Amino acid sequence: LLIVFLCFLLVGVVSGVVLANYVFGLAAELPEITSADLIMAQTSFVYDSEGTELGALHGGENRITVDLEEMPEHLVDCLLAAEDIRFYEHNGVDWRSVARAATIVIKDSIAAKEIVFSQGASTITMQLVRNVVADTQKTMDRKIKEALLALQFEKNYDKDEILYLYLNEIYLGPRIYGVAAASEYYFGKRVQDINLQEAAVLVGIL
């Protein structure tokens, strides 16, 4: 029994060292990111001498930045309920969701006899920093990089700042980025004026 225990212990230690080296190797490839790396192009508005809006100008991205305080509370509630229910509790990575997703991925991969990423466990912070990874494939490397960047990002920014960046950056349709531009595009109204049902539609588009 002692020999069996020592064998398992040795395998565990070696596996831990290998995994640590793998993660540290990925971490070494990651940049230090700030909110400036995530802020994209904004839509410009043209007014006449009396302050009347004449038109809006934008390139490939239509984005209107709005402060978090101006966004309806029911929009934020919808987002958290659908995308990251424990957003205010975790530090960038929701380990409970990771454990759940890993269990399902292992089960599905065994059934398919190949690695199948059938479940995700991305938090709002992980989704926000995803573009910095510059990798669109569903791979273990990309997921670990996202998690490491999210942990780093949450050390420097509070939860409300992360929500503000996320709600103003997310892709919500053809050339539509952020909930303010999406509200204008889909409902013809300011994001401040959308109701609960319209908020649920925007979150559903995600």
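Me: What do buried, exposed and partly exposed mean here?
Reply: Buried means under 20% relative accessible area, exposed over 50%, and partly exposed in between (1.4 Å probe, protein chains only). This is a predicted model: local features need pLDDT of at least 70, side-chain atom pairs count only at pLDDT 80 or more, and totals for chains, interfaces and linings use all residues. Residues are numbered from 1 along each chain as its sequence is written, and side-chain values use heavy atoms, with hydrogens and water left out.

Me: Why is Cys-7 called partly exposed?
Reply: Its relative accessible area is 43%. That lies between 20% and 50%, so Cys-7 is partly exposed.

Me: What makes Cys-78 buried?
Reply: Cys-78 has a relative accessible area of 17%. The limit is under 20%, so Cys-78 counts as buried.

Me: How many disulfides does the structure hold?
Reply: It holds 0 disulfides (pairs of cysteine sulfur atoms within 2.5 Å).

Me: Why does Phe-5 count as exposed?
Reply: Phe-5 has 52% relative accessibility, and the cut-off is over 50%, so Phe-5 is exposed. Phe-5 is found in helix α1 (residues 2-28). Helices are DSSP runs (H or I, at least four residues), and strands are E runs of at least two, numbered from the N terminus.

Me: Why is Glu-69 called exposed?
Reply: Glu-69 reaches 72% relative accessibility. This is over 50%, so Glu-69 counts as exposed. Glu-69 sits in the loop between β3 (62-63) and α2 (73-83).

Me: What share of the chain is buried?
Reply: Buried residues make up 36% of the 206 residues. The chain has 8 helices and 4 strands.
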